[in-house]
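This report describes a protein chain for a reader who is new to structures. Please look at the sequence and the model before reading on.

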Amino acid sequence: MYKGAIFDVIVDIRPKSPTFKQWFGTELNDSTRDSLYIPKGFAHGFITLQDKTEVVYLMSDFYVPGSDRGYRYNDPAFDITWPRQINTLSSKDRCWPDFKDQSC
């Protein structure tokens, strides 16, 4: 967390895992300076909780444009409880399919 605050969520998408499709969410902010490790096999998303929030995150490999994939933030397969209403969503995030479709 660089500046501001987010609600950060990870979802286990490993089919053989006992926690398959379960999620964990936590607030990260610039006061506590906590971070969240996201293991391989987990989906990740976040919502900003303050205006002008800036997020920095690391990836395990080089970024390759067009190789990312995702699922809708409100996918019923995960039933994530977000701490506030989501008002702004990027066009890319708006197009993600449901998890059951597995097509992204």
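## A lysine and its partner

Lys-92 is partly exposed, with a relative accessible area of 40%. Here buried means under 20% relative accessible area, exposed means over 50%, and partly exposed lies in between (1.4 Å probe, protein chains only). The model is predicted: local features need pLDDT of at least 70, side-chain atom pairs count only at pLDDT 80 or more, and totals for chains, interfaces and linings use all residues. Residues are numbered from 1 along each chain as its sequence is written, and side-chain values use heavy atoms, with hydrogens and water left out.

The side chain of Lys-92 forms a salt bridge with that of Asp-68, at 2.6 Å from N to O. This pair links distant parts of the chain, 24 residues apart: Lys-92 is in helix H1 (residues 91-95), and Asp-68 is in the loop between strand S3 (42-48) and H1. Helices (H or I, at least four residues) and strands (E, at least two) are DSSP runs, numbered from the N terminus. Asp-68 is partly exposed, at 29% relative accessibility.

## The other salt bridges

How many salt bridges does a search of the whole structure find? The search finds three. A salt bridge is a side-chain nitrogen of Lys or Arg within 4 Å of a carboxyl oxygen of Asp or Glu.

Arg-72 and Asp-98 form one of them, with their closest N and O atoms 2.5 Å apart. Arg-72 lies in the loop between S3 and H1 and Asp-98 in the segment after H1, so the pair ties together parts that are 26 residues apart in sequence. Arg-72 is partly exposed at 25% relative accessible area, whereas Asp-98 is buried at 17%.

## Around Asp-12

Asp-12 and Arg-14 are joined by a side-chain salt bridge of 2.9 Å, N to O. Asp-12 counts as buried because its relative accessibility is 1%, while Arg-14 is partly exposed at 35%.

Asp-12 belongs to strand S1 (residues 5-12). Its side chain also makes a polar contact of 2.5 Å with the side chain of Ser-17. A polar contact is a pair of N or O atoms within 3.5 Å; within protein, one must be able to donate a hydrogen and the other to accept it, and residues adjacent in sequence count only if both atoms are side-chain atoms. Not counting residues up to four places away in sequence, Asp-12 touches several residues, including Thr-19, Lys-21 and Phe-42. Such a contact means heavy atoms within 4.5 Å.

In soluble globular proteins, nonpolar side chains tend to be buried together. The largest nonpolar core in this model has 12 residues, among them Val-9, Val-11, Ala-43, Phe-78 and Trp-82. S1 and S3 each supply at least two residues of this core, and S1 gives the largest share, three residues. A nonpolar core is a set of buried Ala, Val, Leu, Ile, Met, Phe, Trp, Tyr and Cys residues joined through side-chain atoms within 4.5 Å.

Val-11 is found in S1 and is buried, with a relative accessible area of 4%. Leaving aside neighbours within four places in sequence, Val-11 is in contact with residues including Trp-23, Ala-43, Phe-78 and Ile-80.
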